[in-house]
Protein chains: 2
Amino acid sequence: MSMKAVVFRGPFDVGIEQRPRSQLKDSTDAIVRVNIAGICGSELHMYRGHQQTGTGHIMGHEFVGIVEEIGSDVSSFQPGDEVVSIFSAVWGLTNRCINGTAFGTPLLDGGQAEYVRVPFADGTLQHAPTNLDRRLLIMMCDIFPTGYYGSQRAIEGLKTQYNSKLTSFTPKETHGIAQNGAEENEQNLSYFSNSAIGKIQESTIVVIGCGPVGICAIAAARWEGIKKVFAIDSVEDRLVEAASFGAIPILLGKDDPKEHIMKVTNNRGADAVVEVVGNKAALRSAFELLRPCGILSSVGFHQDELPFTALEFYQANITVNFGRVPVRTIFDDALRCLTANQDKMQNYISHELPLNEAARGYRIFEQTKARKVILKI
Amino acid sequence: MSMKAVVFRGPFDVGIEQRPRSQLKDSTDAIVRVNIAGICGSELHMYRGHQQTGTGHIMGHEFVGIVEEIGSDVSSFQPGDEVVSIFSAVWGLTNRCINGTAFGTPLLDGGQAEYVRVPFADGTLQHAPTNLDRRLLIMMCDIFPTGYYGSQRAIEGLKTQYNSKLTSFTPKETHGIAQNGAEENEQNLSYFSNSAIGKIQESTIVVIGCGPVGICAIAAARWEGIKKVFAIDSVEDRLVEAASFGAIPILLGKDDPKEHIMKVTNNRGADAVVEVVGNKAALRSAFELLRPCGILSSVGFHQDELPFTALEFYQANITVNFGRVPVRTIFDDALRCLTANQDKMQNYISHELPLNEAARGYRIFEQTKARKVILKI
């Protein structure tokens with residue numbers, strides 16, 4: 001038996017091929033009949049040839065579908081169950097499990113196909129929730145948890161800082177020394193003098209990159225009650241979407257992000273920046289927008305050198321978090337946030353294409369002519 | 001009236017000169033008659049010519065003494081008060097106050113002299129505690145709070161992580177998927193299954209660099225109950241001192257730190273690394289010793305490029321903290337820790353020299369023939 005699948009042939013070249021239908025290999029495997037597969041921004045690193053990889057594998061690490069078959073050691077799922085997969089097959093911590101393998105790579109065929117083999121099915125699959133729009137469910141494979149993680153790490157960093165004895169800034173400390181620069185000092189004080197929750201919600205958070213992951217990060221930050229979320233992108237349509245979630249848009253090429261952020265923060269800089277783009281320019285911009293002792297949360301997939309020196313890090317006293325989301329760990333919380341936002345997310349999926357048109361889907365997504373492309377099978 | 005002072009003339013060249021006695025300039029100034037001044041490791045960057053700076057200024061940012069005169073707006077101190085100064089003159093957050101100026105630089109003469117002018121005296125000076133050995137008090141200017149800050153940031157990072165919904169690793173998550181790699185999985189589980197405090201104290205923390213700041217970092221980590229603190233240095237005498245605080249020594253050139261740490265952590269890596277050296281090799285080593293999602297706390301003063309790529313940061317999922325200690329903020333807590341450790345610290349100050357022998361003090365400290373050098377005036 002064979003099946004149709006989207007195969008990576010090399011940079012800017014994906015296409016439909018016939019492949020043998022996916023089969024169980026290990027007793028912990030499941031076979032899933034795919035209903036919807038997504039094209040994810042992180043696949044563009046491979047598509048554009050920036051990420052060195054082999055060819056000939058089936059693409060896709062976002063898919064939802066129906067369990068078709070299970071191995072003898074799978075206990076949490078039955079054939080017929082509707083499921084959503086996380087982007088890599090794991091039995092441990094999703095992001096850094098030493099046995100984790102991402103779908104859609106030479107090591108493991110992906111889900112842009114009629115069927116897909118899912119290793120460690122009990123850990124990799126999640127039951128589909130009943131109260132979420134099926135088209136949005138695909139976002140739970142990767143991008144929504146990734147954006148959620150980016151914002152949550154930033155917020156967690158700020159919480160830690162506001163509660164820390166290592167960074168607290170109490171009125172006592174400035175007693176009697178207000179002679180020089182008293183006005184600015186008072187600004188600092190009023191900033192730090194609210195309650196912890198209040199401080200978080202009054203914080204200024206910037207999201208750099210408003211593609212799918214960035215929109216998810218914005219939604220998550222706003223859901224946590226952050227009032228001032230700034231959104232930076234060079235694509236106007238993406239900023240319209242960002243604004244619909246309550247973010248304040250900054251259009252690259254028209255506005256100067258640094259000037260803008262410094263102006264609205266009395267020259268202090270943003271409390272936290274969430275960087276989701278995955279290139280040097282975005283990372284450098286994130287650094288420059290931060291206040292001293294700010295939080296840099298980067299979930300972009302970076303291939304390059306770091307655009308900072310050690311002296312700059314030292315002088316900025318910042319906290320830096322990089323890395324991939326542990327989807328399974330945060331799945332339930334992220335799902336709650338997405339479900340609460342599903343009405344606003346309706347415009348989010350701009351293109352629904354049949355599997356046969358996958359090549360076009362990659363092309364328009366790569367050219368930023370689409371917000372999010374899903375393939376229906 | 002004139003005074004004797006230690007002047008920076010250029011790399012490897014400091015010496016005693018006669019200078020006009022320090023005078024009040026601003027109403028928030030105080031003049032301090034110096035009793036003891038320290039030579040600090042961070043001055044070696046200037047002494048060795050690695051840090052570009054001017055010449056002709058008075059060295060020293062560690063000093064304790066007696067208030068001689070106060071400006072009209074100084075309210076917390078009186079002539080005759082015994083005081084200890086923090087390393088930079090500030091009215092805000094010690095480490096990144098926009099008006100902060102470090103002593104012992106071309107911008108502000110330092111305390112290796114008979115007298116020193118202290119700007120923003122109410123913020124910069126602290127009253128000398130009554131229950132601490134006077135020779136050890138000099139450590140409160142910079143190095144003890146710096147080491148304390150390095151360890152505390154690492155511990156705070158671990159606490160945040162162990163309590164975080166973003167990284168928690170619960171038994172539920174591995175239910176039913178123990179087929180492959182079950183043994184290793186159980187190790188992970190047992191590691192993460194203790195209570196939060198227990199987890200912190202069972203964590204593996206590595207301190208790279210066992211000069212004065214490193215010893216302070218070790219003392220602070222041990223004081224928090226961390227059982228496994230590893231100490232890395234290339235100088236055997238420093239490791240003897242580290243071991244006296246309960247650290248487990250690793251001698252560079254004899255032991256392989258990575259092999260050692262991987263062995264004692266079942267190939268997982270250290271939970272946190274505190275880097276106090278301030279060069280690329282130490283920073284690279286810190287990165288390589290960390291487990292995935294570990295905490296890198298760097299208080300070393302770095303002049304170079306960062307020895308990591310963005311891809312390495314992404315793949316490691318680590319949290320990175322750099323920067324200078326906010327001494328004033330943490331002064332009371334750090335002082336409590338130092339006071340509790342003062343008996344063990346007795347061997348810490350290896351050389352007490354008269355001011356006239358400052359040049360020799362710099363020489364032997366630079367050659368790592370001294371643990372800590374203080375100048376008595």
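Two strands are taken to pair if DSSP finds at least two bridges between them. Helices (H or I, at least four residues) and strands (E, at least two) are DSSP runs, numbered from the N terminus. The structure is a predicted model, in which local features need pLDDT of at least 70 and side-chain atom pairs count only at pLDDT 80 or more, while totals for chains, interfaces and linings use all residues. Residues are numbered from 1 along each chain as its sequence is written, chains are lettered from A and ligands numbered from 1 in the order in which they are written, and side-chain values use heavy atoms, with hydrogens and water left out.

In E15(B), Val320(B) is the bridge partner of Leu296(B). Strand E14 (residues 290–298) of chain B and strand E15 (residues 319–322) of chain B pair in the parallel sense, over four bridges. In chain A, strand E14 (residues 290–298) and E15(A) likewise pair in the parallel sense over four bridges, and Ser297(A) has Asn321(A) in E15(A) as its bridge partner. Both faces of E15(A) are covered, with Thr319(A) and Asn321(A) on one side and Val320(A) and Phe322(A) on the other all buried (buried means under 20% relative accessible area, exposed over 50%, partly exposed in between; 1.4 Å probe, protein chains only).

These strands belong to an open sheet of 12 strands with mixed pairing, in the order E12(A)-E11(A)-E10(A)-E13(A)-E14(A)-E15(A)-E15(B)-E14(B)-E13(B)-E10(B)-E11(B)-E12(B). The edge strands, each pairing on one side only, are strand E12 (248–251) of chain A and strand E12 (248–251) of chain B. From one strand to the next the twist averages 20°. Helix H4 (residues 143–162) of chain B packs on the sheet, where it touches strand E15 (319–322) of chain A as well as strand E10 (204–208), strand E13 (270–275), E14 and E15 of chain B; the direction of H4(B) makes about 145° with that of E14(B). Contact means heavy atoms within 4.5 Å. Helix H10 (residues 280–289) of chain B lies across E10, strand E11 (228–233), E13, E14 and E15 of chain B and runs at about 150° to E14(B). Axes are lines fitted to C-alpha atoms, for helices over the stretch in contact, and angles run from 0 to 180 degrees between N-to-C directions.

In chain A, helix H4 (residues 143–162) and helix H7 (residues 212–223) pack at an angle of about 50°, with their axes 7 Å apart. This angle makes H4(A) oblique to H7(A) (angles under 35 degrees count as roughly parallel, over 145 as roughly antiparallel, 65 to 115 as roughly perpendicular and the rest as oblique). The residues in contact include Phe144(A), Tyr148(A) and Ile155(A) of H4(A), and Cys216(A), Ala220(A) and Trp223(A) of H7(A). By class, this contact has 13 nonpolar, three polar and no charged residues (Ala, Val, Leu, Ile, Met, Phe, Trp, Tyr, Cys and Pro count as nonpolar, Asp, Glu, Lys and Arg as charged, and the others, Gly among them, as polar).

In chain B, H7(B) and helix H12 (residues 327–340) pack at an angle of about 90°, with their axes 10 Å apart, which makes H7(B) roughly perpendicular to H12(B). Ala219(B), Ala220(B) and Trp223(B) of H7(B) meet Asp333(B), Arg336(B), Cys337(B) and Ala340(B) of H12(B) in this contact. Ala219(B) is buried, with a relative accessible area of 2%. Residues up to four places away in sequence aside, Ala219(B) touches Phe144(B), Phe245(B), Cys337(B), Asn341(B) and Met345(B).
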